[in-house]
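Student: I keep getting lost when I look at this one. Could you pick a single part and take me through it slowly?

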Amino acid sequence: MMRKSLLQVAMASALLMQAQSGMAFGLDEVYSPNTEYGEASLEINGAQSFDPSAAKNGAKVGEATLEIGIAPRVTVELSGEYNADPDGSLQLVAHEVQGRYQFFEPGERWADIGLLVQYDFSTQSDSPDTLGAKLLLQKDVGRFTHTANLGFTQNVGAFPQLTDSADYTFLWSTRYRYSEEFQPGIEIQSDLGSASNFGNFNQQEHYIGPAIYGKLFGRLSYQAGYYFGASDVAAKNAARFLLEYETHF
Amino acid sequence: MQKKSLLVAIASLQLLVLGMPARAEDYVLTLKNHQFSPKELVIPAGQKVKITVRNQDPTPAEFESSDLNREKVISGSAEIVVFIGPLDAGRYSFFDDFHRETTNGTIVVK
């Protein structure tokens, strides 16, 4: 009985800490700045945390997306976003509209550069909409592709119990293009929290781990990663997957 | 002081990314009857090159190469520009993703 109470207190404390810092478990695709005009794709992706502590174990995020390259250098995405707290079940939490703009032709400049803007319409009465943006950078060096995303998310609307400050993220991926089907790499996924949290490494969620990427049968792209938590608030481990079926119009 | 450092960082990034346009040598690849011509395109090692891919077929194609990390749809009777390199010497394959078994070629870097 006592043990159960302690567990409940620990879970409540962990959830409170995350709410105060504006962070929640979430791993995302590392976006390339390069879009594909004339391509439409259906994509599902998801991630889950693994931790000995019940307060951090089994958190899930997921997304089902329709992505369309509607114009040269412009891609639009419509998504349903799902998540589950460690002790909860997966539920639809937002509808997302996202646009990605590619500034130059791939390889035209020293680095490829793009901008992603997204707006999440919350389906939950106690959660705000969010507006986010990411600077997308990519550089090919030989058979290595390095990609970085620097972004922020801002709550929209009056929700006094939630933070007003923006939440910043940093994502990095380096992959070796061994073949079309198999491209091993490494990813860093960091939720830096609010600007006041910068420099406080252990209060930010940092994950690092191996990932694989590739395209099968010319149409089915995949990504999978397994991560190790590198800071105190991160779960011990996490995993992420993505499947995308692409076609042309 | 912090604001000044931020401005310097932004200016440096701008110079690095925006201020260095490629000085690319021009090459042309033609796609006709679902065949690339030339089948092997020879380019110099260590240089950025600009390849114009002209699709002379009325149907669309997709220039794609995982070796080069490029993927771009070409409408029928249209052309696209692809920048590649600088590359090490070697052979880099490419293909039309809509006819990948029969429509392909190689970029030979010397």
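**A five-strand sheet in chain B**

Tutor: Let's look at an open sheet of five strands in chain B, which has the order β3-β9-β8-β5-β6 with mixed pairing. Keep in mind that this is a predicted model: local features need pLDDT of at least 70, side-chain atom pairs count only at pLDDT 80 or more, and totals for chains, interfaces and linings use all residues. Residues are numbered from 1 along each chain as its sequence is written, while chains are lettered from A and ligands numbered from 1 in the order in which they are written.

A quick word on terms: strands (E, at least two residues) and helices (H or I, at least four) are DSSP runs numbered from the N terminus, and two strands pair if DSSP finds at least two bridges between them.

Next, zoom in on β6(B) and its link to strand β5 (residues 61-65) of chain B: the two run antiparallel and are joined by five bridges. Within that pairing, B:V73 in β6(B) is the residue opposite B:E62.

To place the sheet in its chain, note that chain B has one helix and nine strands. Read from the N terminus on, its elements go α-β-β-β-β-β-β-β-β-β.
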